[in-house]
Amino acid sequence: INAEYMGGLLMRAVSLRLGGGIGDATDVKAHPFFRGVNWRALEQRQVPAPWRPPTSGTGPANQETTNFDKAFTRQDPVLTPEDPNLPSFKDKDMFKGFTFDPPSALGPRN
C-alpha cells in the first residue's frame, strides 16, 4: 500500500496523479493508506499526536532547542544583509490591504 500510495503521488502526469484529478484531496483521503483515519476528528484537532519530541520543559515551547545539534545552537546569530534589488521594510505599505489565503481542500484552518 505504501509504494502504491507514493507512486500515485509522484505520477508525472497531473491528471493521473493521486489527488490531481476532479476528486482532489478526497481521493488522497480515501486511499487505503489512510484507512482508519477519522478525518473529521483530525480536522477538529481532536486526534493526539502519535509522537511528541522530548523537551527540557525549562522554558517557552517556542524557544525549545533541546532537539537541535549544539553546533547550531552555539552559533552567534548573523543577520542576512538586505538585497538592494528587493523592496525594503520601508516599502511595507506597498502591499497594504493585500491578502491571499487560498482555500484548503483539507478543511478550514483553526
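**Exercise 1. The aromatic cluster**

Is Trp39 buried, partly exposed or exposed, judged by its relative accessible area? Determine also which ring pairs connect Trp39 to other aromatic residues of this predicted model.

*Solution.* 

Step 1. The relative accessible area of Trp39 is 22%. Buried residues fall under 20% and exposed ones over 50%, so Trp39 is partly exposed.

Step 2. The structure contains four aromatic pairs. One of them is formed by Tyr5 and Phe33, whose rings are stacked, with 4.5 Å from centre to centre and 0° between the planes. This pair connects distant parts of the chain: Tyr5 belongs to helix H1, while Phe33 sits in the loop between helix H2 (25-29) and helix H3 (39-43), 28 residues apart.

Step 3. Phe34 and Trp39 form another pair, with ring centres 5.3 Å apart and planes at 65°. An angle over 60 degrees counts as edge-to-face, so this pair is edge-to-face.

Step 4. Tyr5 is buried at 10% relative accessibility, and Phe34 is buried at 17%. Phe33, in turn, is partly exposed at 36%.

Step 5. Taken together, ring pairs join Tyr5, Phe33, Phe34 and Trp39 into a cluster.

**Exercise 2. The start of the chain**

Identify the residues that Ile1 contacts beyond its neighbours within four places in sequence.

*Solution.* 

Step 1. Ile1 is located in the segment before helix H1 (2-9).

Step 2. Once the neighbours within four places are set aside, the contacts of Ile1 are His31, Pro32, Phe33 and Arg35. Phe33 is also the stacked partner of Tyr5.

Step 3. For His31, the separation along the chain is 30 residues, while the C-alpha atoms of Ile1 and His31 are 8.9 Å apart.

**Exercise 3. The chain as a whole**

Describe the secondary structure, burial and confidence of the chain.

*Solution.* 

Step 1. The chain has four helices and zero strands, and from the N terminus the order of elements is α-α-α-α.

Step 2. Of the 110 residues, 10% count as buried.

Step 3. Consider contacts between residues at least 6 apart in sequence: 33% of these join residues at least 24 apart.

Step 4. The mean pLDDT of the chain is 83, and 86% of the residues reach 70 or more. Confidence is lowest in H1, with a mean of 89, and highest in H3, at 94. Where pLDDT is low, predicted coordinates should not be read in detail.

Note on methods
Residues are numbered from 1 along each chain as its sequence is written. This is a predicted model: local features need pLDDT of at least 70, side-chain atom pairs count only at pLDDT 80 or more; totals for chains, interfaces and linings use all residues. Side-chain values use heavy atoms; hydrogens and water are left out. Helices (H or I, at least four residues) and strands (E, at least two) are DSSP runs, numbered from the N terminus. Contact means heavy atoms within 4.5 Å. Rings of Phe, Tyr and Trp (its six-membered ring) pair if their centres lie within 6.5 Å; planes under 30 degrees apart count as stacked, over 60 as edge-to-face and the rest as tilted. Buried means under 20% relative accessible area, exposed over 50%, partly exposed in between (1.4 Å probe, protein chains only). pLDDT is the predictor's confidence in each residue, from 0 to 100.
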